[in-house]
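Please find below a colleague's note on the two-chain model under discussion.

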Amino acid sequence: MITLDEYFKQTHNEYGIDRTLLIERLKLTPTERLREHESFLAQIEELRRTIRRHPHDTVPKNNSNTGQ
Amino acid sequence: MTQFQKIIQILANDKIDFVVIGGLALIAQGSAYMTSDIDICYKRSEENVKKIVQAFKNYHLTLRGAPKDLPFIFDEKTLKAGMNFTFSSELGDIDLLGEIGGIGFYENVLKYSERMDLYGFECQVLTVEGLLKSKKAANRRKDQNHIAELEELLKLKKEN
């Protein structure tokens, strides 16, 4: 069994580039890569729109569902 | 959001001589990078410049970030008088580059490109080697991250 540190060294190069991410991208066609990118951009745009609509909304301090 | 597919479709359908470079080429080659504009290296022949102007004349190209009162006409004369342009348009942000640092003009950029199917259109796209060459020449802070990723991509592509 390997440690998390060893796993990180196996999956990332010396500059911190995540090889697993690139390997997954290379399984897609160029058009699929572009479509995935557009989908990310659309999600970011939606997030920006939501923030503009509700600029004063904040996460309640006692909210334990932070994903951390 | 920039309409990448529509811009590629226009360039391909109008038989414009171009190479996809920059962020979109990075993504097409497998990078996890994100970009909001499209960078194109174009051939600066009279015929090609004419085709570009015809193809985009209805999309209201303006110089991105320029003062509104700066006179600008998107025509052949303007394109011939300049080299590299950063435009805003109804299709999104389009950068038209006549020359890339580290590689040169379209004719040389073409040598560092490969044919790829993008959205169903056959296009020339800058290779990983070409991207590395241009990024190393620019060598800005953001390029250093791209260089590290491109070198890993090159390794992975050679392994497969």
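The points below take up conventions, the single chains, the sheet, the helix packing and selected residues.

1. Basis of the note. The model is predicted, so local features need pLDDT of at least 70 and side-chain atom pairs count only at pLDDT 80 or more, while totals for chains, interfaces and linings use all residues. Residues are numbered from 1 along each chain as its sequence is written, and chains are lettered from A and ligands numbered from 1 in the order in which they are written.

2. Chain A. Chain A contains three helices and zero strands, and its elements follow the order α-α-α from the N terminus. Helices (H or I, at least four residues) and strands (E, at least two) are DSSP runs, numbered from the N terminus. Of the 68 residues of chain A, 7% are buried. A residue is buried if 20 or more other C-beta atoms lie within 10 Å of its own, exposed if 12 or fewer, and partly exposed in between, with C-beta atoms placed from the backbone.

3. The interface. In chain A, 19 residues are in contact with 17 residues of chain B; contact requires that the C-beta atoms of two residues, placed from the backbone, lie within 7 Å. On the chain A side, the elements that give two or more residues are α2 (19-26) and α3 (30-53). The largest share, ten residues, is that of α3(A). By class, this side of chain A has eleven nonpolar, three polar and five charged residues. Here Ala, Val, Leu, Ile, Met, Phe, Trp, Tyr, Cys and Pro count as nonpolar, Asp, Glu, Lys and Arg as charged, and the others, Gly among them, as polar.

4. The axes of α2(A) and α7(B) are 10 Å apart and form an angle of about 55°. Axes are lines fitted to C-alpha atoms, for helices over the stretch in contact, and angles run from 0 to 180 degrees between N-to-C directions. The two helices α2(A) and α7(B) are therefore oblique to each other; angles under 35 degrees count as roughly parallel, over 145 as roughly antiparallel, 65 to 115 as roughly perpendicular and the rest as oblique. The crossing of α2(A) and α7(B) is right-handed. A crossing is left-handed if the near helix is turned anticlockwise from the far one by less than a right angle, and right-handed if clockwise. A:Arg19, A:Leu22, A:Ile23 and A:Leu26 of α2(A) meet B:Glu152, B:Leu153 and B:Leu156 of α7(B). This contact of α2(A) with α7(B) has five nonpolar, no polar and two charged residues.

5. Helix packing within chain B. Helix α6 (residues 128-138) and helix α7 (residues 141-159) of chain B have axes that come within 9 Å and cross at roughly 155°. That angle makes α6(B) roughly antiparallel to α7(B), and their crossing is left-handed. The residues of α6(B) that meet α7(B) include B:Leu131, B:Leu132 and B:Lys135, and among their counterparts in α7(B) are B:Ile147, B:Leu150 and B:Leu154. The contact of α6(B) with α7(B) divides into eight nonpolar, one polar and five charged residues.

6. The sheet of chain B. Seven strands form an open sheet in the order β3-β4-β5-β2-β1-β9-β8, with mixed pairing. Strands β3 (62-63) and β8 (113-118) stand at the edges with a single partner strand each, so one side of each has no neighbour in the sheet. Two strands pair if DSSP finds at least two bridges between them.

7. Strand pairs. Strand β1 (residues 18-21) of chain B runs antiparallel to β2 (residues 37-42) with four bridges, and B:Phe18 is opposite B:Tyr42. Two bridges join β3(B) to β4 (residues 84-89) in the antiparallel sense, with B:Ser88 as the bridge partner of B:Thr62. Six bridges link β4(B) and β5 (residues 92-97), also antiparallel, and B:Phe85 is paired with B:Leu96. A hairpin through two residues joins β4(B) to β5(B).

8. Which residues other than glycine have a positive phi? B:Lys15 has a positive phi of about 55°; B:Lys15 lies in the loop between α1 and β1 of chain B and is exposed, with 11 C-beta neighbours inside 10 Å. B:Asn139 has a positive phi near 45°; B:Asn139 lies in the loop between α6 and α7 of chain B and is exposed, with 12 such neighbours inside 10 Å. Most residues other than glycine have a negative phi.
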